[in-house]
Amino acid sequence: MKLNLNIGSVFSEINILLHQGKQYIPDVTTVEVPGIFRGRPVIKSASEATAAVDIKQLADLCPTGAITCDPVSIDLGKCVFCGECERACPSRIRFTKDYRIFSLSREGLIIREDQDDTMTIKAQQVRKEIRKYFGKSLKLRQVSAAGDNSSEWELNAAGNVNFDMGRFGIEFVASPRHANGIVITGPISKNMAEPLQICYDAIPNPKIIVLAGTDAISGGIYAGSYALDRSFLDRYHVDLYVAGNPVHPLSFINGILGLIRGN
């Protein structure tokens, strides 16, 4: 039996392995994000800043009104992570690579001056049935409610060989009748309001709601548009907010793990 080997191809694969290392991430809770990534911001107080800055101008610079003054804060539910504020005032605002940007409450996404704590989820604040029923297995139906496909791509990547959230029993499913909860991306347009409601109604109880990304959490740059209908969020309790524009797979996976198992 003659064995045909393409030596060039073999060396190419070895080179890729040496360059990239392991394809999967052994521990998604402690890994450091390589390259350029804007995660949880840190805001220094005026007394610690090395240069004076007009905070009002800084707030006006934000395209979504995520920055408020006196004291300075950044709402990660509105932030598009463009980095303009950091570039305008690097001595006052710095984006870290911390991808743990999630909260059980909307208020928990607001970063304030001199706050440099990693975001965590407290067990006593989670609905008891969530950890009782979904601690080892959670099936989710993702709905793109007029999303731009950026967060959708990242959520899809959460299940690939690199991030592999399936090892934790967390998976996306095609039918809402097979799901334990719904993950919403996009600002929720009028045309998607009814399909979103139909999908949610088809999921058996108990069920959870997760908002993934700036657009879903606040409307993002589309907030206030006549084309949106976000009344769904007024009718139901949201169990988890995951910030990002788009959402990073590590942010989503760690947020879900914190919700169903604890940090």
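**View 1. Strands S9 and S10 run parallel and are joined by four bridges.** S9 covers residues 181-185, and S10 covers residues 208-212. Strands here are DSSP runs of E with at least two residues, helices are runs of H or I with at least four, and both are numbered from the N terminus. Two strands pair if DSSP finds at least two bridges between them. This is a predicted model, in which local features need pLDDT of at least 70 and side-chain atom pairs count only at pLDDT 80 or more, while totals for chains, interfaces and linings use all residues. Residues are numbered from 1 along each chain as its sequence is written, and side-chain values use heavy atoms, with hydrogens and water left out. To find your way in, look for Gly 181, whose bridge partner in S10 is Ile 208. Together with helix H6 (residues 190-202), S9 and S10 make a right-handed β-α-β unit. Right-handed means that, with the strands pointing away from the viewer, the path from the first strand over the helix to the second runs clockwise.

**View 2. Strand S10 is covered on both faces.** Which residues of S10 lie on each side? Ile 208, Val 210 and Ala 212 are on one side, Ile 209 and Leu 211 are on the other, and all are buried. Buried means under 20% relative accessible area, exposed means over 50%, and partly exposed is in between, using a 1.4 Å probe and protein chains only. S10 also runs parallel to strand S11 (residues 240-242), with three bridges joining the two. Here Leu 211 has Tyr 241 of S11 as its bridge partner.

**View 3. Six strands form an open sheet with mixed pairing.** The strand order is S5-S11-S10-S9-S7-S8. Strands S5 (102-103) and S8 (170-172) stand at the edges with a single partner strand each, so one side of each has no neighbour in the sheet. S5 pairs with S11 in the antiparallel sense over two bridges, and Ser 103 has Tyr 241 of S11 as its bridge partner. Helix H5 (residues 150-157) packs on this sheet and touches S7 (138-144), S8, S9 and S10, with its direction at about 135 degrees to that of S9. Helix H6 lies across S7, S9 and S10 and runs at about 165 degrees to S7. Contact means heavy atoms within 4.5 Å. The angles run from 0 to 180 degrees between N-to-C directions of axes fitted to C-alpha atoms, for helices over the stretch in contact.

**View 4. The structure holds five aromatic pairs, and one of them joins Phe 172 and Phe 252.** Rings of Phe, Tyr and Trp (its six-membered ring) pair if their centres lie within 6.5 Å; planes under 30 degrees apart count as stacked, over 60 as edge-to-face and the rest as tilted. Phe 172 and Phe 252 are stacked, at 5.9 Å centre to centre with 25 degrees between the planes. Phe 172 lies in S8 and Phe 252 in helix H9 (residues 249-260), so the pair ties together parts that are 80 residues apart in sequence. Phe 172 is partly exposed at 28% relative accessibility, whereas Phe 252 is buried at 0%.

**View 5. Tyr 200, Phe 232 and Tyr 236 are linked by ring pairs into a cluster.** Phe 232 and Tyr 236 form a tilted pair, 4.8 Å centre to centre, with 45 degrees between the planes. Phe 232 is buried at 2% relative accessibility, while Tyr 236 is partly exposed at 26%. Have a look at Lys 207 too: this residue lies over the face of Tyr 200, at 4.0 Å from the ring centre. A charge sits over a ring if NZ of Lys or CZ of Arg is within 6 Å of the ring centre and within 35 degrees of the ring normal.

View 6. Most residues other than glycine have a negative phi, and most peptide bonds are trans. Ile 188, in the loop between S9 and H6, has a positive phi near 70 degrees and is buried at 0% relative accessibility.
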